[in-house]
Amino acid sequence: MSIEDDEILQGFIEESLEHLADIENDLLSIEEGGADIDVELVNKVFRAAHSIKGGAGFMGLTVIQDLAHAAENVLGLIRSSKLVPNPDIINVLLLAADELQHMIEDVGNSNTVDISSHTNALNTIYEGGDAPAATPKAPRAAAPPPETKVAVTTKAVAEPEPEPEIEEEVAEEVSIDLEDEPMDEHDSDADHAAAASPDADGGTRRKSAPNIQKTDTSIRVTVSLLDQLMNLAGELVLSRNQLLQTITSGDVRNAEAVGQRIDLVTSELQEAIMLTRMQPIGNVFSKFPRVVRDLSKKLGKQMDLTIVGKDVELDKTIIESINDPLTHLVRNSVDHGIETPEERKKKGKDIRGLIVLKAYHAAGQVVIEISDDGKGLDGDMLAEAAVKKGLITSDQAKVMSEKERINLILLPGFSTAKKVTDVSGRGVGMDVVKTNLDQLGGSIEIESEVGKGSTISIKLPLTLAIIPCQIVMTGGERYAIPQVNLEELLRIPAATVKERVERVGDAEVVRLRGNLLPLIRMAEVFDIDPTYYDPVQDETRPDRRQNIADRRSKSTPLFKEEGAPPPETREREQERKRKENERRQSASSALNIVVVSTGAMRYGLIVDRLHDSEEIVIKPLGRHLQQCQGYAGATIMGDGRIALILDVSNIARMAGLTSLEGSERAKELNEAAKDAITKTRDKQSLLTFSSSATEQFGVPLNQVERVEKIKRHDIEEIGGRRVMQYRGGSLPLISIDEVSSVLPLDEREDLLVIVFHLAGKDVGLLAIGPIDAIEISADIDDVTLKQPGIMGSTIIGGRTTMLVNIFEITQISNPQWFEDHAAYAELDVAEAQAPTILIVEDSNFFRNQVKGYMVEAGFNVLEGEDGVVAWGVLEAQGDEITMVVTDIEMPNMDGFTLTEKIKSDKRFRHLPVIALTTLAAEEDVARGKAVGVNEYHIKLDKERLMESVHRYAKAAMAA
């Protein structure tokens, strides 16, 4: 019987490798404890060596038996407290464990291996109580242990005992390195061979015998998971039988129910099968304590390794593929990130460096962070090195941002090593790490601060087998974009394309929430004929536009040269014809943009059509397509047709896309964006609805808690008031016609209830559809239709829309709610002593609204239409002012600049500043806090604004 077919031998190999997977980390923990010996841990290692010895003796593997026996003797002395383990003793035991693993992996040749150097060293310790003077040196820490090549298992090895130094806290920075460890197959094999061989001073160098075992083909799973799979398979068989029966009987209605059942069972079966492939990332992390220990010792450095998140699970294929990239990154942190003890002492740092290896789930992905508190990366130095190597030009280096300069270490052939060593300096490394991650559908991001450290973040999908994707169409073909790269979908209406899309040099960009988003036309990247989808004709047509914002009007001339009319007549006729034939106002001219990101790069991909998102099964590309850039694979759709999966990272490179960040063009565009903001009116998000068939209303969207659909019979009239049962209580209902001169609520059966939270209570506003959320410019008429409950009007979609003052309607309908509401109690002071508030707002409508709130509450009010005017008011009457309520988007001087000026002037820095704005994104709030804004409030949210104003006013009066 051959070795491969011997099931008993395979069982021995499987069990022994499982023991060895734990031994390494257990020995490191024993070393960490020093004289304080953990007897239980030593017993565990002793039993593992004893089991390997016993099994090898039974199988006739005498060399393995002898080495395990020698190691067992030393461990016996340690567990009986006759020997205190020191680093040299642990080193000998680690090398013996490495040799045992090599022999077990190549068990067929194990009896021919010379282990005299290991047994002599172990016997010397056993007989003399100390390690010999010349022991085998530690294997190169850089090289990961070779993959198990036996046929028995790729099981999830039991997770090692946690090392004492492991903490739950993570350092803020990490180090990477710019240096390079060859990641190609040949170099890796060479390193493994070197790792297995003691140096000349330690004994005979052993060559690894050719691997004759099978690659790993099995996974260990729990019985409960197998039971679940069996049950689901049974459910699938039953559903199949029901489907066949319905098809035979022609029962279409029942077939639909059976189809839904099959869909549900299939989804559950898919999830269960995926669980069989999931393994804890601790299987990879467990080797890094040894890597860090050995390499730091070799380099004369002192450092600690903290591991967090060993239980995070990934697909087996991904775990196997990230082994080498992670090893390279950890080695870089040890070799180049962490300084020597002398350097750290000079910088005032702890002489022991810290490396943190962390894994966690985020947004459907697994994020792995490698951090250190080392010297960090110098972007200027990297750019200089890249220029010298000819990787970039000096002109390119000048316009690069700091982040782009740091990312230069990802370029092929980049290295800053002064000399070539066995650790780095060969010009191959970080670029290969990035390439390997790209092949896994992952990405890498680098953050670094000189003198503080660096952090490398790797984002990976949970599995490579089935992934959710957004399906798009271009040129009549369907493509899939992985959702891990998808940020959002953007549709620009035809009428606004020309205004939204701009051209900067040869790049087309769109402003998205104040940021510049470069655009890529998918048809151009793949060199296919540009098309667009005409929804009216339901067909794909050729697109003749040269630029995104060009018109799609007919190209035939309107007039012949001979007998042409005067220019004025010609222009009027051209405009008339253009309006008749123009398709820019139709849906066919709208832009569909898929906003994607890959690492530090973010861009918009223009496609013809957007379809639904689907979970797809990834199929590898055929050999004839593997060299095609821009594709990460393929999938088979439900109709049997093929859809290619897009590689968004390669598409950016194919388009020659680079970030505008830090360049002169970006500065110009940002300034233009700021100017455009100050020249336009504020934007206000509204929820539009109706109360009758002919009148349209709007209410600030930020004030709406939720919208409920109800039937008229859900409304109860009790004590002369309308209420409905809502979340275990009663929700009071009001309608606009109760306080305003508008048409009464429509008498239809289906109604809407728009829920608000005011004065600490929920209230529902009755309405009817259609309902929509829309953003408008603050061009509001606050005179013509103003009345109780209506603050003004504006034109939306060609209809006059009345803006509802929900606070006023509620106050009129339920005045008792506000009598005891402390936030709105009038200040108990004489009018002469009332606090004075400076309101800074360029919109007359909003300024008058806020002023009305303040005057109603008894405050004195000063006004400024922009930051410059407000500063003049402060200079003249600053002693009288209690607080400043300011808009952000204003001409001449915006609210950020005004706040920064106030907080930097010792006369006014004590004044609270409340930002009243339509800008409430996280980046805006962060910028506001940075310059000194005390609080942010959305315009027209009277209740929250007045709560803050009263609070600051009372604090000022108490002072």
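## Rings, charges and cores: a tour

Begin at Arg951 and Tyr952: the charged end of Arg951 sits over the ring of Tyr952, 5.4 Å from its centre. The model on screen is a predicted one.

For another charge over a ring, select Phe46 and Arg79. The charged end of Arg79 lies over the Phe46 ring, at 3.8 Å from the ring centre.

**Aromatic pairs**

Next, turn to rings that face other rings. The count of aromatic pairs comes to four. Select Phe526 and Tyr631: their ring centres are 4.9 Å apart and their planes make an angle of 5 degrees, so this pair is stacked. The two residues come from distant parts of the chain, 105 residues apart. Phe526 is in the loop between α19 (522–525) and β14 (531–534), while Tyr631 is in strand β19 (residues 631–636).

Are these two residues buried or exposed? Phe526 has a relative accessible area of 14%, and because the cut-off for buried is under 20%, Phe526 counts as buried. Tyr631, with a relative accessible area of 18%, is buried as well.

Now move to Trp871 and Phe908. Their ring centres lie 5.5 Å apart with the planes at 90 degrees, so the pair is edge-to-face.

Ring pairs join Tyr479, Phe526 and Tyr631 into a cluster.

**Nonpolar cores**

For the next stop, select Leu20, Leu27, Ile64, Val74, Leu93, Met103 and Leu122. These residues touch the most other members of the largest nonpolar core, which has 46 residues.

Centre the view on Val74 and show its surroundings. Leaving out residues up to four places away in sequence, Val74 touches Leu83, Ile89, Leu93, Leu122, Ile125 and Tyr126.

Finish at another core, which lies apart from the largest one and has 40 residues. To find this second set, select Phe288, Val312, Leu377 and Ile456, which are among its members.

Conventions. Residues are numbered from 1 along each chain as its sequence is written. This is a predicted model: local features need pLDDT of at least 70, side-chain atom pairs count only at pLDDT 80 or more; totals for chains, interfaces and linings use all residues. Side-chain values use heavy atoms; hydrogens and water are left out. Rings of Phe, Tyr and Trp (its six-membered ring) pair if their centres lie within 6.5 Å; planes under 30 degrees apart count as stacked, over 60 as edge-to-face and the rest as tilted. Helices (H or I, at least four residues) and strands (E, at least two) are DSSP runs, numbered from the N terminus. Buried means under 20% relative accessible area, exposed over 50%, partly exposed in between (1.4 Å probe, protein chains only). A charge sits over a ring if NZ of Lys or CZ of Arg is within 6 Å of the ring centre and within 35 degrees of the ring normal. A nonpolar core is a set of buried Ala, Val, Leu, Ile, Met, Phe, Trp, Tyr and Cys residues joined through side-chain atoms within 4.5 Å. Contact means heavy atoms within 4.5 Å.
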